[in-house]
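Colleague: I have not looked at this one before. Can you take me through it?
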Amino acid sequence: MARPSQALIDLQALRHNYQLARALAPNSKALAVIKANAYGHGALPVARALADLAPAFAVSCTEEAMELRAGGIQQPILLMSGFFSADELVLAATHNLWLMLENQRQIDQLVAARLPGPVRAWLKVDTGMSRLGIRPEHAATLYEILKNSPNTCGEVVLATHFACADELDNDFTRVQIERLTAIGRKLKAPLSMANSPALLGWPESHGDWNRPGYMLYGATPFPHPHPEADKLIPVMTFASRVISLRTLANGDAVGYGATWRATSPALIATIPVGYGDGYPRNAPSGTPVLVNGQRAQLAGRVSMDLITVDVSGLEGIVPGAEVELWGKHLRVAEVAAKAGTIGYELLTRMPARVRRVYEG
Ligand SMILES: *Cc1c(COP(=O)(O)O)cnc(C)c1O
């Protein structure tokens with residue numbers, strides 16, 4: 001039998017989540033953000049599953065975009081960091097890659113380039129994140145340059161990105177919205193602002209194009225219950241099985257460093273999942289793991305290929321019992337919080353060693 005650890009990917013849930021993103025902002029279009037291998041879910045299968053719903057996709061670089069083109073994806077693909085070297089401009093013009101331009105150098109290079117045809121350009125404005133984007137006071141001039149260049153076609157969309165949209169009581173999001181909409185009003189430009197938390201929690205940020213990523217994978221960006229986010233269905237279930245069981249006496253230690261000790265007779269289950277599979281090594285003893293549908297607790301350090309779980313007192317614990325590391329019954333965000341990180345990171349960094357199995 002093969003190693004039983006795999007990531008089950010529910011493509012029906014993915015479509016449900018995309019449709020929820022659309023329903024929450026019925027007057028906006030929604031780019032499906034599938035950068036970083038669709039947050040670990042597999043960019044091509046995810047794009048194929050959304051191909052009849054999403055008018056366009058968004059990724060971070062031409063390598064990611066060309067993988068989609070090689071797989072037959074025909075929608076426009078927005079490159080959210082623009083381009084890194086001028087030779088990518090020909091690729092963009094040839095393969096209908098849209099460019100989110102974020103600095104004057106990129107704009108100068110685009111305008112000066114000799115291209116086989118025009119490209120769609122978006123203009124990213126830095127409204128307070130201080131990471132990418134031109135300064136608001138330069139927006140009008142650069143917008144006109146882009147609009148009037150024969151190397152661009154179609155409407156130039158004005159875009160920005162939020163720093164704090166997952167904090168629903170943080171007024172900084174309102175400040176960022178107002179900065180972009182003020183420019184948009186003057187230039188009569190279409191707008192794109194919302195990521196997942198803004199799409200879910202800041203209706204005033206909905207523009208002509210929204211850019212949901214994380215929520216498509218069924219994870220909530222909020223640390224608290226939320227009426228809309230709670231309708232999302234987790235797409236990935238990181239599943240495995242118990243491969244070994246042992247009974248410990250009071251005082252017996254478990255794992256590297258002998259950091260966990262039985263304080264009474266205990267039943268320990270070993271599961272073939274470790275940090276080599278993307279399970280976070282800094283998840284402490286006590287991190288929840290579902291075994292045969294019941295909550296159990298990680299016991300001892302995470303190894304490269306294995307973890308150990310205290311299953312004392314649980315029912316139906318036999319070799320082969322089903323395990324969920326995260327998924328529909330145990331939210332990735334809960335495991336991530338125990339490990340001092342966010343669900344985004346655990347999903348995105350899951351290595352290729354974990355086989356993706358697609359359903360639906
Ligand atoms: C990743 C990204 C998104 C999507 O953000 P989520 O929080 O995953 O929805 C949107 N816009 C930009 C510019 C991004 O880099």
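Colleague: Where is the place of M304?
Modeller: This is a predicted model. In it, M304 lies in the loop that runs between β17 (294–298) and β18 (307–310).

Colleague: Buried or exposed, or partly exposed?
Modeller: M304 counts as partly exposed, because its relative accessibility is 45%.

Colleague: And what does M304 touch?
Modeller: Leaving aside residues up to four places away in sequence, M304 touches G274, Y275, G276, D277 and R353.

Colleague: How far apart are M304 and D277?
Modeller: They are 27 residues apart in sequence, and their C-alpha atoms are 7.6 Å apart in space.

Colleague: Which residues are linked with D277 in a network of salt bridges?
Modeller: The network links D277 with R3, D305 and R353.

Colleague: How accessible is R295, and how accessible is E334?
Modeller: R295 counts as partly exposed because its relative accessibility is 47%. E334 is also partly exposed, at 32%.

Colleague: What about R174, which residue does its side chain meet in a salt bridge?
Modeller: It meets the side chain of D171, at 3.4 Å from N to O. R174 has a relative accessible area of 34%, so it is partly exposed. D171 has 49%, so it is partly exposed as well.

Colleague: And E228, what does it form a salt bridge with?
Modeller: With K231, where the closest N and O atoms are 2.9 Å apart. K231 is partly exposed, with a relative accessible area of 42%.

Colleague: Changing topic. What is the order of strands in the open sheet?
Modeller: There are 9 strands, in the order β12-β15-β18-β17-β16-β19-β11-β1-β20, and the pairing is mixed.

Colleague: Which strands stand at the edges?
Modeller: β12 (244–248) and β20 (355–359). Each has a single partner strand, so one side of each is left without a neighbour in the sheet. From one strand to the next, the twist averages 35 degrees.

Colleague: In what sense do β12 and β15 pair?
Modeller: Antiparallel, over 5 bridges, with β15 covering residues 266–271. S244 stands opposite T270 in β15.

Colleague: Which strands of the sheet does α1 touch?
Modeller: α1 packs on the sheet and touches β1 (6–10) and β20. The direction of α1 makes about 50 degrees with that of β1.

Colleague: Last topic, α3. Why is helix α3 largely enclosed by the rest of the structure?
Modeller: Because 6 of its 8 residues (43–50 is the helix) are buried. The buried ones are A43, L44, V46, A47, A49 and L50.

Colleague: What do the buried residues of α3 pack against?
Modeller: They pack against α1 (11–24), β3 (32–33), α2 (35–39), β4 (57–59) and α4 (62–70).

Note on methods
Residues are numbered from 1 along each chain as its sequence is written. This is a predicted model: local features need pLDDT of at least 70, side-chain atom pairs count only at pLDDT 80 or more; totals for chains, interfaces and linings use all residues. Side-chain values use heavy atoms; hydrogens and water are left out. Buried means under 20% relative accessible area, exposed over 50%, partly exposed in between (1.4 Å probe, protein chains only). Helices (H or I, at least four residues) and strands (E, at least two) are DSSP runs, numbered from the N terminus. Contact means heavy atoms within 4.5 Å. A salt bridge is a side-chain nitrogen of Lys or Arg within 4 Å of a carboxyl oxygen of Asp or Glu. Two strands pair if DSSP finds at least two bridges between them. Axes are lines fitted to C-alpha atoms, for helices over the stretch in contact, and angles run from 0 to 180 degrees between N-to-C directions.
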